[in-house]
Amino acid sequence: MTKPRLQNFINGAPLANDSGETIDVINPATGEVIYEIEVADDKVKTAAIESAKEGFKAWAGMTAMERSRILLKVVALLREKNDELAGYEVLDTGKPMQEANCVDVVTGADAIEFFANLAPTQVGQQQDLGGDFYYTRKEPLGICAGIGAWNYPIQIACWKSAPALAAGNVMIFKPSEETPRGAIELAKVYIEAGVPAGVFNVILGDGDVGQWLTNNPDIEKVSFTGEVGTGKKVMQASAATLKDVTMELGGKSPLIVFEDADVSQAVSAAMLGNFYTQGEVCTNCTRVFVHESQYKAFMKELVERTEQNIKAGDPMDLEVNFGAMISKKHQYLVMSYIEKGKAEGATLVTGGNTMTPAGAEGGYFVEPTIFTDCTDDMTIVKEEIFGPVMSVLTFKDEAEVVRRANDTSLGLAAGLMTKDITRAHRVIHQLEAGICWINTWGASPAEMPVGGYKLSGVGRENGIETLDHYTQTKSVYIGMVDLEAPF
Ligand code: NDP
């Protein structure tokens with residue numbers, strides 16, 4: 001049977017490559033090839049840049065109100081197509097439909113709505129200089145590149161393109177080769193809503209295609225989501241042409257459960273922050289610090305709920321709340337971390353195996369896994385696993401747990417559970433992380449800026465401030481009197 005084939009999406013339409021090179025895309029829940037993509041070759045890359053230049057002339061030439069109106073049509077279309085698009089995300093990522101149909105497209109559309117509404121509020125300044133005066137213009141940067149990870153493909157494409165396009169830029173987006181469909185579907189929606197051709201192009205391929213983007217002198221900014229190591233390479237390559245960069249990278253985030261916390265709520269936070277999207281979330285609280293007085297009650301409820309309430313299976317089944325790892329390779333990597341956890345002396349309380357759930361026997365599943373008796377120097381406590389593996393640690397006092405929570409080179413997220421309002425703020429202010437939650441975990445609305453401290457990132461996505469990162473300020477000085485020159 002011939003596989004369905006998806007092509008690069010350039011200048012408002014699919015564009016065939018000349019090289020004939022393709023990559024298979026696999027449904028992680030079945031292990032079956034679902035389609036193939038054409039890898040961008042020189043012809044496609046050149047067309048992507050040429051069409052982006054034309055698209056920029058049309059898009060930046062519109063008023064912000066005009067752009068805003070069109071982007072709001074994009075939002076309406078995304079919401080109309082929610083279930084269809086969520087279905088594609090499930091097939092590409094292996095995550096449960098019950099998540100994808102209420103989070104992935106929804107939060108993507110929210111970001112476009114937020115920035116569409118902000119676009120016309122961007123204004124310059126003018127100041128009198130005693131006759132002469134100056135004014136400033138907020139101008140778009142030009143062609144921006146978006147490079148995405150595989151865990152939230154369409155959401156990442158929306159979060160990156162929303163502020164870029166709202167500010168009048170155009171974007172060439174490279175999705176992960178493992179989950180390319182969401183970005184292509186988004187590109188079609190942009191065209192259907194009336195966004196000019198070339199404003200959002202999608203180029204397909206692996207890291208080499210990403211590297212081509214970061215090396216390209218026509219690209220002014222790179223917004224990247226992925227691993228710390230790749231982020232460093234992207235930043236290094238971008239430096240050659242002094243591109244602006246936004247980096248959304250990995251995490252090893254702490255959740256602190258104080259002695260006065262509501263145990264059930266703390267268990268909910270820990271489970272959401274380790275098992276939602278089968279653990280493949282950058283902000284996950286994979287280091288759960290529980291006050292020793294709460295430890296027994298916390299563990300009892302955590303293990304009960306993990307063993308009773310998690311249902312793996314065909315992710316399209318709306319009863320299923322736990323999906324497959326993105327690939328066989330990643331399943332193997334997660335399992336190798338579990339083995340390291342055991343070898344280094346952590347106690348495996350539940351999980352720890354691969355799974356073949358009914359209805360998804362060929363999928364790359366790993367059981368929800370909990371380790372206790374963990375110490376700060378263990379590999380599973382130090383390194384990002386990006387799978388459903390929770391490490392539980394205990395602590396005695398506040399100063400100790402703050403020190404240990406901060407003892408990492410990463411700083412994406414952090415959170416705590418307590419009824420003591422002053423302690424909550426006192427501790428949160430000391431935690432070295434860009435995204436913090438008190439008595440909750442995981443919400444990331446478009447209004448709230450997100451990004452990492454330390455090696456977890458550079459710059460922010462979402463929130464008002466992000467729009468500024470997609471503009472440059474032009475100052476215009478106006479002479480009102482005759483110019484005096486000493487020559
Ligand atoms: P990778 O870093 O492996 O890949 C990210 C993207 O970069 C992919 O599209 C990849 O292409 C591309 N790429 C690979 N090499 C290069 C290169 N040299 N130059 C330019 N682009 C390149 O990350 P994963 O896809 O494995 O995603 C998981 C990681 O993403 C985790 O560390 C996670 O924490 C992080 N993440 C961070 C988020 C945040 O907001 N902070 C959100 C989501 C994930 P390809 O894969 O096709 O080879």
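Before the sheet, my ground rules: I count two strands as paired if DSSP finds at least two bridges between them. Helices (H or I, at least four residues) and strands (E, at least two) are DSSP runs, numbered from the N terminus.

I also noted that this is a predicted model, where local features need pLDDT of at least 70, side-chain atom pairs count only at pLDDT 80 or more, and totals for chains, interfaces and linings use all residues. Residues are numbered from 1 along each chain as its sequence is written, and side-chain values use heavy atoms, with hydrogens and water left out.

**Entry: the sheet**

I found an open sheet of three strands, ordered E6-E7-E25, with antiparallel pairing. Why does one side of E6 and of E25 lack a neighbour in the sheet? Strands E6 (126-129) and E25 (471-478) are at the edges and have a single partner strand each, so one side of each stays without a neighbour. On average, neighbouring strands here are turned by 20° against each other, direction ignored; the axes are lines fitted to C-alpha atoms, for helices over the stretch in contact, and angles run from 0 to 180 degrees between N-to-C directions.

Next I went through the E6 pairing. E6 joins E7 (residues 132-140) in the antiparallel sense through four bridges. I see Gln-126 opposite Tyr-135 of E7, and Leu-129 opposite Asp-132 of E7. The E6-E7 hairpin has two residues between the strands, and Gly-130 there takes a positive phi near 75°.

**Entry: the ligand**

The shell holds 27 residues, with Gly-148, Glu-177, Thr-230, Leu-249 and Glu-384 the closest.

Lys-174 has a side-chain N or O atom 3.0 Å from a ligand oxygen. The ligand alone exposes 910 Å², and the protein buries 88% of that; areas come from the Shrake-Rupley method with a 1.4 Å probe.

Which elements give two or more residues to the shell? They are helix H8 (207-215), strand E11 (219-225) and helix H9 (228-239). H8 gives the largest share, three residues.

Definitions and conventions. A residue is near a molecule or strand if one of its heavy atoms lies within 4 Å of it. A polar contact is a pair of N or O atoms within 3.5 Å; within protein, one must be able to donate a hydrogen and the other to accept it, and residues adjacent in sequence count only if both atoms are side-chain atoms.
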